[in-house]
Amino acid sequence: MPTLVRIRGDEDFRRPKFSGHVDTDLFLSLAPRMDVLCPPRKRLRGNFIIPFRETKPKQEQKDLISMLPDECLFEIFRRLPAARDRSVSACVSKRWLMLQSSMRRSEIKRSKPSPKTCGETPNGDRSEQSNKLCQENASFTEDNFEEFPDDGFGEVEYLEPESREFDVGWKGTAEKGTGEKQPRWAIGDLSRCLEGKKATDIRLAAISIGMGGRGGLGKLKIRGNHPFRGVSDLGLSTIGIGCPALRVLCLWDCPLISDKGLLAIAKGCHLLEKLDLFNCPLIGDKGLEAIAENCPGLLTLNIESCPKIGNKSLEAVGQHCPNLKSLSVSDCSLVGDQGIMSLVSRSTKLVKVKLQAVKVTDHTLAAIGLYCNNLTELTFVNLQKVTENGFQALGNSSVMQKLKLLSVTACRGLTDQGLESIGQGCPSVKVASFRKFELLSDKGLKAFIKAAISLENIQLEECNMISHFGLIDALGTCSGKLKVLTLVKCTGIKESGLGEVPVPTCESLKSLNIRSCPFLGNGCLALLGRACPQVQSLDLSGLAGISDDGLFALFGSCKTSLVKLNLSGCIEVTDRAIFVIVNLFGKTLQSLNLDGCGKVTDQSLGFISHYCEVLQELDISKCGITDNGLVSLASAASYSLQILSLSGCMQITDKGLPFIGKIGETLIGLNLQQCRGISSRARDLLASHLWRCDLLV
């Protein structure tokens, strides 16, 4: 018990002395008088429990800057001295990012040069060099301040900005040797492409802030959209504010962008040269008119599947964009003669014109033939209201002398007379394509080829009234410049009525492509071989009616060596034909396609490996090839093969992969898709061995 009342202290503390047993009640009665017995400066230390006091949790410190309104944050951000600070602060939150992306370059406050910077002396005098420096500092405007170093960041320095020489577009082209000084953000030599889920307003805002000091954004492509937070007018507005050097803008599948977004681009991007709109249902005449009025340097305009764009905006383009060179309008139901005629009559520098599924008539074709004297490429697709008179008016004009490419698809008004008129009015045309014509016959084809004296390439697709007699006759009347002939799905070329007919030759033809003509057989193939003895590239894909005998007759008339041969889908071709081909042309053949030739076996690979010395591309997909064929192919003395396709070869197993690895020393592309006999482990080993090769498995 004495230990319970033992109190330690200094020497002047007088402790009461108790003798014998101490009365408990007496001890307890001392407690109220403890302050009397003990000096106030001493503390009682005993064996009693001090009650626990619950402490209040510390209150979290509030983020005061986040509580500031946007107006205050705006004033703070515009006074940041360095571009690096603004870029870093934009990474803090979405709010800060969007707030900074709405700041124009003219709204950023710049500090004035100090007297020390200008070189002012204590008595206020300045030297000539200092005055010059101050003049340079004073000449800094919103167009040339704040140049970043190579890393994209840096302080604002009053030095001569880094500049480059580039074409300033509609304002004029820099003369040779006298390049105009431009700030880095106005160069526009950077490009960005956002596809699918990456296309959001947040990414556009980040691009707007980060591109200014790295050369400036000059090309922006947006393809697709994020399913929940896709690109809208807000994101496009940030580009209009922060990217004044934008020259190319492509918007594909952007259902959330409306006229408001294009208005922002028109307001801030006056150097725009190319606008490509595809499937933008909310963009109408108002947005396109703003582009035309504010971007007079527009050179290329492509509009497709934009149902709200009509004649009014095209009239504005013709009025304000005199330098327009390329125009493409497709699937716009509100576009008609009024818009197209007004545009082509004022844009006399047009070089390319494409009209597809628009409500134009013969008047539009007549206007094109009357005003477009610099036209080199002309494409018409599915113009249902154009008649024969429109094509005749186009051909009878005297201003189409520079036309090089003509493509007409599914226009019911094109007949033999119209085609002949076009051939006579466009003597310089070199490439012609006619697709899906029911009224085009042998007479019109012959007249066109005879009139088009510069024709080098002609393509006929689904022209079912053209026969093999008309085709051979047309080849005999060509001017000697025709190099490429392509026939696709022409059912009029048949085996019937061949007989013994004189066959004129076309010595200039070097490439013959006949694809998916269901009634073409060995007899027609022999006639074409006699008419084209100098052919070097031959495409016979999808001709199920030809066999080895037809190929023998065709190759028997060849006077030169083949370089490229495509026999994909020719199911009757066997090893006999392959032996003759490689024996005749093995020294020059560089590309051979036997896709789907099921009767081609390992024996053909032995012939190929023995005769083909310079073969670079070989496609034996879905052929009867086994591991033994790969052994023969790998035993070739010289390896020049670069692309090999074995897709669908079910009989190839893991045993043949070592020989593929030997062939793969020179391969840059290998296709092993649908080769079910090869295990996944063997494919992985092959992929690790052919690490330089592009492998498809």
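Let me start at Phe-448. Beyond its neighbours within four places in sequence, Phe-448 is in contact (heavy atoms within 4.5 Å) with Leu-419, Ile-422, Gly-423, Val-429, Ala-432, Phe-434, Leu-455 and Ile-458.

A word on the source. This is a predicted model, where local features need pLDDT of at least 70, side-chain atom pairs count only at pLDDT 80 or more, and totals for chains, interfaces and linings use all residues. Numbering runs from 1 along each chain as its sequence is written, and side-chain values use heavy atoms, with hydrogens and water left out.

Now the core. The largest nonpolar core holds 163 residues. Phe-380, Phe-434 and Phe-448 have the most contacts inside it. By core I mean buried Ala, Val, Leu, Ile, Met, Phe, Trp, Tyr and Cys residues joined through side-chain atoms within 4.5 Å. Buried is under 20% relative accessible area, with a 1.4 Å probe and protein chains only. A second, separate core has six residues, among them Phe-74 and Trp-96.

Next, helices, meaning DSSP runs of H or I, at least four residues, numbered from the N terminus. Take α16 (residues 416-425) and α17 (residues 442-451). Their axes, lines fitted to C-alpha atoms over the stretch in contact, come within 8 Å and cross at roughly 5 degrees. So α16 is roughly parallel to α17; the cut-off is under 35 degrees. Phe-448 of α17 is back here, and the α16 side includes Leu-419, Ile-422 and Gly-423.

Last pair. Helix α9 (residues 233-242) packs with α10 (residues 259-268) at about 5 degrees, axes 8 Å apart. Therefore α9 is roughly parallel to α10. Leu-236 and Ile-239 are among the α9 residues there, and Leu-262 and Ile-265 among those of α10.

Terms used: Buried means under 20% relative accessible area, exposed over 50%, partly exposed in between (1.4 Å probe, protein chains only). Axes are lines fitted to C-alpha atoms, for helices over the stretch in contact, and angles run from 0 to 180 degrees between N-to-C directions. Helices (H or I, at least four residues) and strands (E, at least two) are DSSP runs, numbered from the N terminus. Angles under 35 degrees count as roughly parallel, over 145 as roughly antiparallel, 65 to 115 as roughly perpendicular and the rest as oblique.
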